[in-house]
Amino acid sequence: MNIRNCRKCGKVFNHIGGIPICPACKEAVEKRFQDVKKYVRENPRSDIRQIAADCEVEVQQIQQWIREERLEFTDDSPIKLPCENCGAMIRAGKYCDACKNAMARNLTDAFGMNKPKATVVEPAKKHSDGNKMRYLDKH
């Protein structure tokens, strides 16, 4: 049994996995997420500070939901975060499309998935005469 204290309220609970917060706090965070999601749909041009203030949620929590791709904004939204690799501004996730593609290519190259398969050359078969005796010609 993995007993932990909740990171939010301090209550002791049985931690199964993920962020160490108790089920009650997890449910409260999920309710706040749904509130933020509804607010964003109704106010697509709001900036992140306005959303945080109106929904009583920390800016860091909203940024985490964006990084987790739970919240995504329209192209005309002022809310964008920097790509964690190159710094380009993105609407959701951790990496821009260019960095995602580069990482995928690097992984593919690392595992050799793009390389043509080497052809297997079988050694020429030697004719076996079995256990026969051999003589040398003396001319």
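Keep in mind along the way that the model is predicted. With a relative accessible area of 36%, Pro 44 is partly exposed. Setting aside residues up to four places away in sequence, Pro 44 touches Ser 77 and Pro 78. Pro 44 and Pro 78 are 34 residues apart in sequence, yet their C-alpha atoms are 9.0 Å apart in space.

Ser 77 belongs to the loop between α3 and β3 (81-82). Is Ser 77 buried or exposed? Its relative accessibility is 4%, so Ser 77 counts as buried. Beyond its neighbours within four places in sequence, Ser 77 is in contact with Pro 44 and Arg 45.

Now step back and take in the whole chain. It has 4 helices and 4 strands, and from the N terminus on they follow the order β-β-α-α-α-β-β-α. Of the 139 residues, 24% count as buried. If you take the contacts between residues at least 6 apart in sequence, 24% of them join residues at least 24 apart.

Next comes the packing of two helices. Two packed helices are described by the angle between their axes and the distance between the axes. Here helix α2 (residues 48-55) and helix α3 (residues 59-67) meet at an angle of about 115°, and their axes are 9 Å apart. The crossing of these two helices is right-handed. On the α2 side, the contact is made by Ile 48, Arg 49, Ile 51 and Ala 52, while α3 brings Val 59, Ile 62, Gln 63 and Ile 66. Sorted by class, this contact of α2 with α3 has 6 nonpolar residues, 1 polar residue and 1 charged residue.

Some of these names come back when we look at the nonpolar interior. In soluble globular proteins, nonpolar side chains tend to be buried together. In this model the largest nonpolar core has 22 residues, and those with the most contacts inside it are Val 36, Ile 51, Ile 62, Trp 65, Ile 66, Leu 71 and Phe 73. The elements that give two or more residues to this core are α1 (23-42), α2 and α3. Which element gives the most to the core? That is α1, with 6 residues.

Leaving out neighbours within four places in sequence, Ile 51 is in contact with Val 36, Tyr 39, Val 40, Ser 46, Ile 62, Phe 73 and Ile 79.

Helix α3 deserves a look as well. Its buried residues are Gln 61, Ile 62, Trp 65, Ile 66 and Arg 67. An α-helix has 3.6 residues a turn, so residues three or four places apart point the same way. What covers the buried residues of α3? The cover includes α1, α2, β3 and β4 (89-90).

Most residues other than glycine have a negative phi. Glu 56, in the loop between α2 and α3, has a positive phi of about 55° although it is not a glycine. At 71% relative accessibility, Glu 56 counts as exposed. Just after α3, Glu 69 also takes a positive phi, of about 65°. Glu 69 lies in the loop between α3 and β3, and because its relative accessibility is 46%, Glu 69 counts as partly exposed.

How many disulfides does the structure hold? The number is 0. Cys 9 is partly exposed, at 45% relative accessibility. For Cys 96 the closest cysteine sulfur is that of Cys 99, at 3.5 Å, again too far for a bond. Cys 96 is buried, with a relative accessible area of 10%.

How values were computed
Residues are numbered from 1 along each chain as its sequence is written. This is a predicted model: local features need pLDDT of at least 70, side-chain atom pairs count only at pLDDT 80 or more; totals for chains, interfaces and linings use all residues. Side-chain values use heavy atoms; hydrogens and water are left out. Axes are lines fitted to C-alpha atoms, for helices over the stretch in contact, and angles run from 0 to 180 degrees between N-to-C directions. A crossing is left-handed if the near helix is turned anticlockwise from the far one by less than a right angle, and right-handed if clockwise. Contact means heavy atoms within 4.5 Å. Ala, Val, Leu, Ile, Met, Phe, Trp, Tyr, Cys and Pro count as nonpolar, Asp, Glu, Lys and Arg as charged, and the others, Gly among them, as polar. A disulfide is a pair of cysteine sulfur atoms within 2.5 Å. Buried means under 20% relative accessible area, exposed over 50%, partly exposed in between (1.4 Å probe, protein chains only). A nonpolar core is a set of buried Ala, Val, Leu, Ile, Met, Phe, Trp, Tyr and Cys residues joined through side-chain atoms within 4.5 Å.
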